[in-house]
Every structure is written in structure tokens, then in C-alpha cells.
Amino acid sequence: MSPSKQAILVTGGCGYIGSHTVLRLLESGYKVIVVDNLSNSSYESLRRVHKLYAITAAASPSAQFEDAALPVETLIPFYQVDILDRHGLVKVFEDHPEISSVIHFAGRKAVGESGRIPLDYYNVNISGTVNLLQVMEDFHVRKIVFSSSATVYGNPPSIPIPETSPIVTVMSPYGRTKVFLEHILKDLCVASVIKQQQHLQDRTNNTDGANGAEVERNYEWSVMLLRYFNPAGAHPSGIMGEDCKGTPNNLMPFLSQVAVGKLERLAVFGNDYPTDDGTCIRDYLHVVDLAQGHVAALEKLDQEQAAGNYGCKAYNLGTGTGYSVFDMVKAFNKAVGTDLPYKVTDRRAGDVPNLTSDPRLANKELNWRAEKTLDEMCADLWRWQRNNPDGYAVSPSIPHPV
């Protein structure tokens, strides 16, 4: 493996978005270490990543992909560690001093469930993330891409939604954890600037370091907040996708399980919203495009650091096009080749009429744009679900988890 490869720690790397991002990172020349507690994911996803990476390497033979021949446990070091486990996280960083950045997906994410068990959400999402940040600080790793969400905008005053739209706290406990964590990360960046200024002053006064010797350090953090809209789809191969545990909380995986007969019909929560067909509008984003957005975010952080720029910045990741629930049902019916049953029910608490992104800032500054179409999204999701009706329903032993 080339020593020039940057090493990225991906928390929650066995999950839906995490696993697609791990694959894209490998394909882009990064080394990846994964942390996941497997509470809502499967190690099988990394086996699928390994298989797809080998296919990429075979199609594009070059020195960049020479590591594709390595076994999965060597190519992608994996630690079955909860982010609340400080000792476990410390071991990851001790074992891999080459880690230069973190992409942080790990956390609980079901809006409805968060209202029933809010303390669990505050504990895992907030305490766990603070724990991770403290360990990162201890090991001088101060660069992170954070998985935020469009839920931070609540019911926005205008559509499409720019990054300058007000951030609200009147939402689910899950949504509040995203808002609080954004504030925590911003506060961390501000504090790191003050610490760096003090360090520079100490160096000027020649009071930093043993025996008064000058020691040059950089305490400043680089943080990128990626506010996702609605990830959907699966890898085009049909080998990797979203492995839902229990009844899905989101529209597209729910529809796909209706299509394979695991669920009887779709529940459409309300048809009396102020939209053209009365159903909620969302900005659906192909998970492969979303994964590429993380690579673009890392590249941007590196560029900014090279220019001496640090701090925290937020970007929307979406297509800029909104689709209603009935639009999505129609598009998925087309992919499946039949009309799937649904029933209109009462509105669901917390749903807002329209969440459509303005992605122009990411288009311009990250040089990133969602490229895959709605038809591709639906076709890829159906290919995954048809080929894997039970998801990653295999459970061979995990190779050398730590």
C-alpha cells in the first residue's frame, strides 16, 4: 500500500451511507479504517465493499489499486467499537497513528424512535460525538466531516433552502442532536483559534516547550458540516444497499419492501399538504452521489488547510429538485414494472410540506454535483432489493474484529 495514502477513520462505516462512502474513498486512493458497533448495521457491508473494490481494480489496473488483492480485514481495518467507548476509540488511534481525518456517521437516526427514547439519542449522538472529538484532540487529529441533516432547517421560510436558512430547535430529539452537534463543532473551532493564538504568543515569548525551546504546533480545527437531504438508491451493481432492520422509517426502503412482498402496502402520511398533489415534497439524492460528496469535502478541507484556512462551514448536499410522495411512488412503480399498493393515512407528526435544497454552494465550492437521475435511483434500489430481499442476512464470523 502506498505510504502516500491518507488514512481516514470512518465511524458508522458499516451503515448505508457509511459503506458507500468507504468504497468511494478506497476508489479515490484513501486508506480507510472503520469503527462501528454493528447495532444497526452488518459487517457484511464491508465484505461487499471489498468485492466491489476488487471489481474496480480489475477494470482499471494500476498501482493505485494494488491493495485490492489484500484480504478484507487487511484492506479495511475494522473495530467493533461504540463511540461511547473512550478506551476503544483510543486503541483505534493508537493502532493507526496515520489517521489524518475523520468522517463521522455513527449515531442513532430514527425520528419517531427519538421521541420515545430521547435520552438514548442525546447520550449516543451528543455524548458519543463529544467523546470522539476529545479523543481526536488527544491524538492531534483535528479534521472532521460531520454527517448532519436537512432536518436542522425545520419548516423553512423559503424553498429551495440555502445554508443561510435559519436553524431551528423545535423538532424531534434526533433533529435537536444534529443542531446541538453543529453548535458544538462551531464552538470547538472558535476555541481552537483562541488556543492557536495563545500558542503563537507563547512561541513569540519563547515560553512554549521544554527548557524554553520553541515548539511549533497547530491547534486549529477544520470542520465540514454536510447537511444531507434524502439519501436513496443503492450501488448500481445491486451488491450493496440499505439493509433495514425492522420496518423502514423512510419512503424508498419502505416501497422496496412492499415490492418484494415483505410489507403489505405503503402508508402515505397525509394528502392535504399545500403541494400540487397534497403529499410532502423531498429532495432525493442518490447514495453514490452522496458518497462522492464526502470525498469532495475531504479534498476541500485539504485545500483550505494548505492555504492556511481553518474553521467550520456547512454545505447542503441535494439535487435542488423536489419530488412528492406520489412522484416517488410513480417512479418506483416504473422501475418495478407494476403498481404498488398504498393507503393514505393521517399526517405524521413532525413532517413539513417541503424540504428541497439549494445545492449551489456545494456545486461551486466543493466542485460537487448530484449526477444520477431519479430513474437511476429507483432502478438501482430495485436491483439491490430484488437481489437481496433479506438485505445482508448472512452472519459468518467477523474476521478479526477488535
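In this predicted model, asparagine 333 is found in helix α10, which covers residues 325–336. Asparagine 333 counts as buried because its relative accessible area is 11%, below the 20% cut-off. Apart from its neighbours within four places in sequence, asparagine 333 is in contact with Thr338, Asp339 and Leu340.

Helix α2 takes up residues 44–59, and its 16 residues should span 22 Å at 1.5 Å a residue, which agrees with the 23 Å that separates its end C-alpha atoms. The buried residues of α2 are Glu44, Ser45, Leu46, Arg48, Val49, His50, Leu52, Tyr53, Thr56 and Ala57. The elements that cover these buried residues include the following.

| Element covering α2 | Residues |
|---|---|
| α1 | 16–27 |
| β2 | 31–35 |
| α3 | 72–75 |
| β3 | 78–79 |
| α12 | 374–387 |

The second largest pocket has a volume of about 260 Å³. Of the 15 residues that line the second largest pocket, Arg24, Val288, Asp289, Gln292 and Lys372 lie nearest its centre, and the elements that give two or more residues to this lining are α1 and α9 (287–306).

Finally, an unreviewed UniProt entry places the feature "domain: NAD(P)-binding" at residues 216–380. In the model, the end C-alpha atoms of residues 216–380 lie 50 Å apart, and the span is 33% helix and 21% strand.

Conventions: Residues numbered from 1 in each chain as written. Predicted model: local features only at pLDDT ≥ 70, side-chain atom pairs only at ≥ 80, totals over all residues. Heavy atoms only, no water. Helix = DSSP H or I, 4+ residues; strand = E, 2+ residues; numbered from the N terminus. Expected span 1.5 Å × (residues − 1). Buried < 20%, exposed > 50% of the residue type's maximum accessible area, 1.4 Å probe, protein only. Contact = heavy atoms within 4.5 Å. UniProt positions renumbered as here; feature names shortened; annotations may be inferred. 1 Å grid on protein atoms, 1.4 Å probe; cavity = no way out; pocket = protein on both sides within 12 Å on 5 of 7 lines; lining within 4 Å. Points joined across faces, edges and corners; volume = space filled by probe spheres on them.
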